[in-house]
Amino acid sequence: MKNNNEQQMYQACFIMIALSLAGVLFLSHTSYHLTGITGNVILEENIDKSSSLQLSKRNSLNQTFGIVLNNITREQALHALLQGEADLEQMINDNFSVLLIKDTLLLAKRSFIGVNISGQSPALKFIKLIIQQEKDSAQKKYFESLLQTAEKTPVYELRQLNYPDVLRLTQQISLKKNQAYKLRDMLSLIDDKEKSYAVDSINTSEALPLIAEAKKAFAEERYDDAEAKIDSADILLDKASTEHTRVAELLLFSKNFFQRNWLKLIAILIILLILFYPLIKIIRNKYAQHKLDRLRAEVESLSVLMKKTQQEYFISKHISETTYHLRMEQYWRRLARIKHAIPVLEAIIADPKDTNAISRKKQEQQGALEVKIPK
Amino acid sequence: MITIESFKRFNLIDLLLIILTAGLWFCLTSFITHVASPNMSYIFSLFIAAFLMSFTVNLVRKAGSATLFYLIGGIFTYLINDLGALRSTKLIALLFAGIVFETIFLILKLELKNIPLDIILGSALSAATIPITTGLLLSSTVSYSWLFELLNLSLLSFFIGVIGSVASFILWYNLRTTKIIMKYEYSRH
């Protein structure tokens, strides 16, 4: 019967297990979001909440200006431009080559500023208005730079006012940015892979030129080309690794069992020795105990036999003197052997750490008489 | 307050016990990685690791036993991809998890209805550090870009750690008065 405290302990344990199990089930639930064991606590809708809030603010601004082109408002196009600028800045900070991105962004800006059918840029008025109203100095600076771009753009480079194009170009920038980051990681991973294979003496010579070409393409912003080269290099590295494993296995099987597994065999032997040492000790003790019991029984039977022989010779006179002496000599010899063996067996059985037992043994060995020296 | 009484020398029998449990971890985890999917094998391997580690700590009750268990287990499972990393990365992640456990075990001496909360919390937090440390060791950039996923994995590991350590405590509680455990406890003194 469990006491109250124990019951409460079990209850607490099961509550903890149940709560944790619920947590595990929630986190590893894969059927709904298909994200595996990673990605069920912070869901996409949580991340998107902040961006949707910003979008609603922008929509109210659009209502203020009321300018919409192909279902895309000027405010949305401006937001896309700002996002493009942020992407560019991030890439510059992370030391990426940004020539292509800059060109794309310039095109996007020109599409935003644009000229309409009458040859006038409606965005200029809008930018000037924003510069007047904007309080944030950084934002104000950006709009001024936009104004400068508009003023510096030669007439032959002016583009038609096209907000969908602004969105398309800025999305292209965003995609290129993501691709650049992904490629940087991929390059680093393929580099590491090549180095680790080279350390393991795998022939990576075929993949090396491809990796170099991928790096060059990456530096020159030819991202698609770089990705293709990395993929090819990866396939070549995998091939080289498979080939190396195949050759290594062939070499391994060419050796005999002991040559192949000498290290494992030694390790197993050491582990077995460590694990079986206490067992061997127990078996040895049991065997010694058994032998000791047998010898003690033999001592007793010898003493009975000796008594019987003495009776036969001295009392009933059934045996001759020679027979008596022969028998007694044999018995004494056997007894002497047994008395030599018994202390050895006792020492094996006794625990060397048991100091009390040792002192007791010493006292026993002192004999019946003890000489006391008077003071 | 650090509990000084936990700092004791390891006997041969303590070391044998740790090697034995680490060996058991190796056997079970090799079997699981062969039969289960990567997700399931991660969950079960971590559960087994937390379970056996807590059981070892409950039995040995000495500072350093968890780190020793993780390290020996890490050496045994050096080439098994059960916790998301291999070789030295795995060893470093396990060493760090062990250090986290020891810190909590030594500082936080807390019991609730006989339940050793220090061991449970230590196991859970040390399990939670494994994916983070592994992620950071493999690639800090990738870890940063997969931050939410890493956080999820860490939380999942935390819960697995709790389940493993509570289950092992229940087992130890029911076995603690058996002849073999008593013999082990008193053979050390």
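Predicted model: local features only at pLDDT ≥ 70, side-chain atom pairs only at ≥ 80, totals over all residues.
From the N terminus on, its elements run α-α-α-α-β-β-α-α-α-α. That gives chain B eight helices and two strands.

Now color chain B by pLDDT. The mean is 84, with 95% of the residues at 70 or more. Select helix α3 of chain B, residues 65-76. Within chain B, confidence is highest here, at a mean of 89. Then select helix α6 of chain B, residues 140-145, where confidence is lowest, at a mean of 71.

Next, show the contacts inside chain B. Take those with a separation of 6 or more: 76% of them join residues 24 or more positions apart. Of the 189 residues in chain B, 52% are buried. Switch to a surface view. Chain B exposes about 8,900 Å², and carbon and sulfur atoms supply 74% of that area.

Bring in chain A. The complex has an ipTM of 0.76 and a pTM of 0.42 from the predictor.

How much area do chain A and chain B bury between them? About 2,600 Å², with 79% of it on carbon and sulfur atoms. Look for salt bridges between chain A and chain B, and the count is zero. Polar contact across this interface comes to one residue pair, with both residues at pLDDT 80 or more.

Key
Residues numbered from 1 in each chain as written. Chains lettered and ligands numbered in written order. Heavy atoms only, no water. pLDDT = per-residue confidence, 0-100. Helix = DSSP H or I, 4+ residues; strand = E, 2+ residues; numbered from the N terminus. Buried < 20%, exposed > 50% of the residue type's maximum accessible area, 1.4 Å probe, protein only. Contact = heavy atoms within 4.5 Å. Areas by Shrake-Rupley, 256 points an atom, 1.4 Å probe, with all protein chains shown as cover. Buried area = accessible area lost by both parts, 1.4 Å probe. Salt bridge = Lys/Arg side-chain N within 4 Å of Asp/Glu carboxyl O. Polar contact = N/O pair within 3.5 Å; in protein donor to acceptor, adjacent residues only side chain to side chain.
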